[in-house]
Amino acid sequence: MQAFTYTSAAARVIFGHGSLQHLVRETELLGAQRALVLCTPGQRAEAERVAALIGARCAGIFDQAVMHVPIETARHAREVARALGADCAIAIGGGSTMGLGKAIALESELPILAIPTTYAGSEMTPIYGLTEAGRKKTGRDARVLPRTVIYDPALSLGLPLDLSVTSGINAMAHAAEGLYAPDANPIMSLLAEEGLRALAEGLPQLAARADDIDARSRCLYGAWLCGTVLGNVGMSLHHKLCHTLGGSYNLPHAQTHTVILPHALAYNAAAAPQAMQRIARALGVEDAAQGVYALARALHAPLSLKELGMPYEALAQCTEIALQNAYANPRPLQREALHALLEDAWHGRPPA
Ligand code: NAD
């Protein structure tokens with residue numbers, strides 16, 4: 001057996017249908033007297049529900065979270081937190097809202113209580129992102145890892161089916177790449193395979209009935225495990241490509257992950273056979289890349305970069321950006337093969 005290093009980052013997790021009812025207790029356990037509730041403009045109602053639940057312990061609501069955490073929004077939120085004397089940030093929403101909480105915690109060390117409502121998994125990682133002058137920079141810092149996470153599948157019922165599907169496949173991408181990470185370890189690989197299995201079962205169940213709470217629970221459980229993998233081991237080509245496409249061409253996050261994943265897996269298939277076997281086993285299919293593509297197609301998810309609005313002419317430039325500061329990857333990055341990958345993804349062809 002290979003030697004490995006495993007560092008456990010301890011977050012307290014409260015999981016289950018209706019678990020939001022434990023919010024007051026969890027806020028008290030963090031010692032919070034003045035919590036600032038964070039959300040996007042579209043999730044104001046959920047934030048107000050949180051505020052009502054904690055009553056006098058709520059210092060205010062900041063409802064300006066947006067995708068990729070623009071530095072101006074981060075500065076504004078930090079100022080509001082300071083002015084209100086906040087001693088805790090409660091982030092309710094997806095990766096964008098978690099990202100705003102992290103931007104505050106990075107400077108102030110406020111503890112974050114996260115209440116995720118998508119499957120992006122940011123609540124399980126010490127990774128933060130900030131966008132300044134059109135460039136998104138990411139970093140790792142233990143201060144931004146939420147202290148407590150409440151996973152209540154009832155809160156994801158409002159997530160539209162198309163976004164639920166792409167968000168779920170976004171989560172699967174964390175686990176898939178975690179299985180061939182240079183610093184992979186057996187514990188994270190167990191979580192990755194179980195997370196993939198839960199989502200591969202839960203997503204079709206959801207597609208059949210979007211308000212099926214059992215399906216929602218399964219997907220959220222899978223998202224938790226996959227997010228843990230993202231937070232603990234390094235990511236490779238797939239995440240690099242999605243970061244490039246999202247950052248440079250402003251493509252939507254979860255949808256981009258959905259389109260790229262089958263192609264990134266096909267690119268790495270021969271170089272990471274054991275990881276591919278585990279992905280395929282979790283999905284109950286013969287071939288990992290074809291299996292993810294078939295799942296996305298069956299769930300009516302987008303399959304091409306073209307339909308996400310990526311200009312064809314940008315493929316060459318995207319290839320070059322992906323080659324710069326390349327992440328570690330099982331198969332070396334080759335310009336022509338990478339361009340071919342992007343070309344297949346642009347057209348939405350099955351993975352080669
Ligand atoms: P998001 O947070 O941008 O949410 C998408 C939209 O869906 C938002 O308008 C949001 O308000 C809405 N929404 C969320 N949950 C809902 C619900 N249950 N019902 C109705 N509407 C709901 O999208 P996302 O995919 O969760 O996050 C993407 C962002 O997170 C990207 O910026 C990505 O880079 C970042 N991210 C970071 C990490 C990390 O570890 N740092 C991990 C994953 C994603």
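**A tour of the ligand site**

Start with helix α4, residues 95–108: with 3 residues, this helix gives the most to the shell around the ligand. Keep in mind that the model is predicted.

Next, select the whole shell. The ligand is surrounded by 22 residues. Thr 40, Ser 96, Thr 117, Thr 118 and Thr 125 are the closest. Colour the shell by residue type: 13 are polar, 7 nonpolar and 2 charged.

- Pick Ser 96. A polar atom of the Ser 96 side chain is 2.5 Å from a ligand oxygen.
- Pick Gln 43. An N or O atom in the Gln 43 side chain lies 3.1 Å from an oxygen atom of the ligand.
- Pick Gly 158. Here a backbone N or O atom is 3.3 Å from a ligand nitrogen.

Switch to a surface view. On its own the ligand has 860 Å² of accessible area, and the protein covers 82% of that. The ligand takes up the space of the largest pocket.

Last, colour by domain: 12–156 is domain 1, and 161–347 is domain 2. Where does the ligand lie relative to the two domains? Both give residues to the shell, so the ligand lies between them.

Note on methods:
Residues are numbered from 1 along each chain as its sequence is written. This is a predicted model: local features need pLDDT of at least 70, side-chain atom pairs count only at pLDDT 80 or more; totals for chains, interfaces and linings use all residues. Side-chain values use heavy atoms; hydrogens and water are left out. A residue is near a molecule or strand if one of its heavy atoms lies within 4 Å of it. A polar contact is a pair of N or O atoms within 3.5 Å; within protein, one must be able to donate a hydrogen and the other to accept it, and residues adjacent in sequence count only if both atoms are side-chain atoms. Accessible areas come from the Shrake-Rupley method with a 1.4 Å probe; for residues, only the protein chains shown count as cover. On a 1 Å grid over the protein atoms alone, a cavity is a set of points where a 1.4 Å probe fits but cannot get out, and a pocket is an open set with protein on both sides within 12 Å along at least five of seven lines; lining residues have an atom within 4 Å of a point. A molecule sits in a cavity or pocket if more than half of its atoms lie within 2 Å of its grid points. Helices (H or I, at least four residues) and strands (E, at least two) are DSSP runs, numbered from the N terminus. Ala, Val, Leu, Ile, Met, Phe, Trp, Tyr, Cys and Pro count as nonpolar, Asp, Glu, Lys and Arg as charged, and the others, Gly among them, as polar. Domain bounds come from an automatic or database domain assignment.
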